[in-house]
Amino acid sequence: MRYITITTWENNDGADYDVTLRAIEEKRLPALKGFGASRITVVRTSDRTSAVITEWPDKATRDAAELKIDEVRRTVKRDDQTRMTGEMRGEIVADV
């Protein structure tokens with residue numbers, strides 16, 4: 001069954017959102033695809049915040065990528081001028 005993670009992110013005060021987004025598009029999104037994600041959607045939710053919706057083929061694929069994802073997250077604050085503010089995850093139970 002398909003599995004989703006939703007993470008929320010906030011840019012550091014004074015960080016340029018477009019510069020941050022470009023770095024994420026060039027480095028972070030390809031890394032998630034390489035870890036097995038099948039689709040990634042970035043939603044800008046305010047001047048400084050975003051939500052990232054990542055779809056995985058199943059929970060096992062996401063679980064297998066856990067250590068790699070944690071490693072990447074440790075570098076995000078320093079490299080991308082952003083910090084993770086929340087995470088939700090679960091199986092898709094309805095899709096219209």
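Helices (H or I, at least four residues) and strands (E, at least two) are DSSP runs here, numbered from the N terminus. The model is a predicted one, in which local features need pLDDT of at least 70 and side-chain atom pairs count only at pLDDT 80 or more, while totals for chains, interfaces and linings use all residues. Residues are numbered from 1 along each chain as its sequence is written, and side-chain values use heavy atoms, with hydrogens and water left out.

Let us stay with Thr5 for a moment. Is Thr5 buried or exposed? Thr5 is buried, at a relative accessible area of 4%; buried means under 20%, exposed over 50% and partly exposed in between, with a 1.4 Å probe and protein chains only. The Thr5 side chain makes a polar contact with the side chain of Trp56 at 3.5 Å. A polar contact is a pair of N or O atoms within 3.5 Å; within protein, one must be able to donate a hydrogen and the other to accept it, and residues adjacent in sequence count only if both atoms are side-chain atoms.

Trp56 also belongs to the largest nonpolar core, a group of 12 residues that includes Tyr3, Trp9, Leu32 and Val52. Such a core is a set of buried Ala, Val, Leu, Ile, Met, Phe, Trp, Tyr and Cys residues joined through side-chain atoms within 4.5 Å. Two or more core residues come from each of β1 (3–11), α1 (17–34), β3 (49–56) and α3, and α1 gives the most, with 3 residues.

A cavity is a set of points, on a 1 Å grid over the protein atoms alone, where a 1.4 Å probe fits but cannot get out; its lining residues have an atom within 4 Å of a point. Points are joined across faces, edges and corners, and the volume is the space filled by probe spheres set on them. There is 1 cavity of 30 Å³ or more.

| Largest cavity | Value |
|---|---|
| Volume | about 370 Å³ |
| Lining | 27 residues |
| Contribution of α1 | 8 residues |

Nearest the centre of this largest cavity lie Thr7, Trp9, Arg28, Leu32 and Val52. β1, α1, β3 and α3 each supply at least two residues of the lining.

One last stop is Gln81, in the loop between α3 (66–80) and β4 (82–91). Gln81 has a positive phi of about 60 degrees, although it is not a glycine. Gln81 is partly exposed, with a relative accessible area of 37%.

Definitions and conventions
1 Å grid on protein atoms, 1.4 Å probe; cavity = no way out; pocket = protein on both sides within 12 Å on 5 of 7 lines; lining within 4 Å.
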